[in-house]
Amino acid sequence: MTTTRVPYVVNPDDPRAPPQDVWDAMTPEEREQVVEALPSEFEPSEAHPPEGDRHFEIKSVVRQTLRGFFERKGRRVYVVSELPVYYPDESMFAPDVMAVTDVELHPHDSWVVSREGKGLDLVMEIHVKGRRTKDTRDNLARCARLGVPEYFVFDLPRTRLLGYRLVGKAYEPIIPQQGRWPSQVLGLDLAIKDGRPRFFQDLSLVPEARELIAQLGGIVDELVAKKEEAERQREETERQREEAERQREEAVRQREEAQRQREEAQRQRDEAQARAAAAEAELARLRAELEKKGRS
């Protein structure tokens with residue numbers, strides 16, 4: 001007797017990915033249909049309350065900082081904010097910041113664990129206002145149950161950072177060392193600096209995007225200044241070379257003029273000598289004629 005399998009239908013009031021055994025029994029086409037049916041966008045009241053500037057800025061800076069760092073290091077770590085996450089047969093949730101290591105980096109509309117073949121490796125929640133236990137108790141318990149290896153909470157009003165690492169099936173607090181919480185997932189230390197979460201690699205502060213821009217701007221300014229100085233020196237060297245060439249040509253001209261004057265003086269002396277010799281010859285001829293007439 002053949003049993004007809006009932007297609008999995010996403011409940012719009014409580015969208016969930018299918019249980020893993022149901023997912024495993026599906027065809028690739030059926031899986032894609034389910035993924036397409038899972039919402040990737042929600043009204044603010046359905047997923048998260050409206051957020052203020054401080055909440056948005058902190059999570060955005062954390063995401064940009066980590067993305068830029070791993071891109072420069074060549075590590076495949078997917079870091080994103082507020083992305084709908086679907087574990088098998090679990091209610092959707094969207095962490096402030098989440099990271100998944102060693103995966104292909106491409107845009108996602110949602111993270112369906114059964115499709116991606118991997119759950120989250122790190123979750124970070126930013127608490128600014130509202131019910132603090134949502135991040136420090138409820139989300140903490142959910143991430144522990146789902147097996148997320150590391151969970152962090154930054155409490156802005158209290159300027160406090162909490163970190164947890166999964167040991168077995170339960171979270172244990174990460175004990176800070178000299179004000180830093182080590183993350184094995186990221187290979188970085190977390191700390192609070194200037195009232196917000198920052199990341200360190202060994203003793204080096206991981207720069208934020210705006211700091212990198214400022215650093216690059218300074219490097220560009222320095223390179224431009226060096227280029228302008230090199231151009232100025234090149235122009236000065238060219239000017240000195242042209243001046244030396246002009247002086248050399250002037251010296252040659254003066255030598256040629258002196259030679260011309262010497263030759264002119266020699267010509268005038270020769271002409272004077274020739275005229276003197278001619279005059280002496282004429283005088284001798286005249287004397288000879290006078291003597292001849294006298295004898296006559």
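Buried means under 20% relative accessible area, exposed means over 50%, and partly exposed lies in between (1.4 Å probe, protein chains only). The model is predicted: local features need pLDDT of at least 70, side-chain atom pairs count only at pLDDT 80 or more, and totals for chains, interfaces and linings use all residues. Residues are numbered from 1 along each chain as its sequence is written, and side-chain values use heavy atoms, with hydrogens and water left out.

View 1. A salt bridge is a side-chain nitrogen of Lys or Arg within 4 Å of a carboxyl oxygen of Asp or Glu. Helices (H or I, at least four residues) and strands (E, at least two) are DSSP runs, numbered from the N terminus. R248 is partly exposed at 45% relative accessible area. E245 is also partly exposed, at 30%.

**View 2. R246 meets E243 in a salt bridge**. The N to O distance is 2.6 Å. Both residues sit in helix 7 (residues 209-295), three residues apart, so about one helical turn separates them. R246 has a relative accessible area of 43% and is partly exposed. E243 is partly exposed at 28%.

**View 3. K59 and E82 link distant parts of the chain through a salt bridge**. Their side chains meet at 2.9 Å, N to O. K59 belongs to helix 4 (residues 53-73), while E82 lies in the loop between strand 1 (77-80) and strand 2 (85-86), 23 residues apart. K59 is buried, at 5% relative accessible area. E82 is partly exposed, at 25%.

**View 4. Salt bridges link E57, R196, R198, E208 and R210 in a network**. The salt-bridge count comes to 29.

**View 5. Strands 9-10-11-12, in that order, form an open antiparallel sheet**. Two strands pair if DSSP finds at least two bridges between them. Strand 9 (181-183) and strand 12 (204-205) are the edges; each has a single partner strand, so one side of each lacks a neighbour in the sheet. Strand 9 pairs with strand 10 (residues 188-193) over three bridges, in the antiparallel sense. S183 has L188 in strand 10 as its bridge partner. Helix 4 packs on the sheet and touches strand 10 and strand 11 (196-201). Contact means heavy atoms within 4.5 Å. The helix direction makes about 10 degrees with that of strand 11. Axes are lines fitted to C-alpha atoms, for helices over the stretch in contact, and angles run from 0 to 180 degrees between N-to-C directions.
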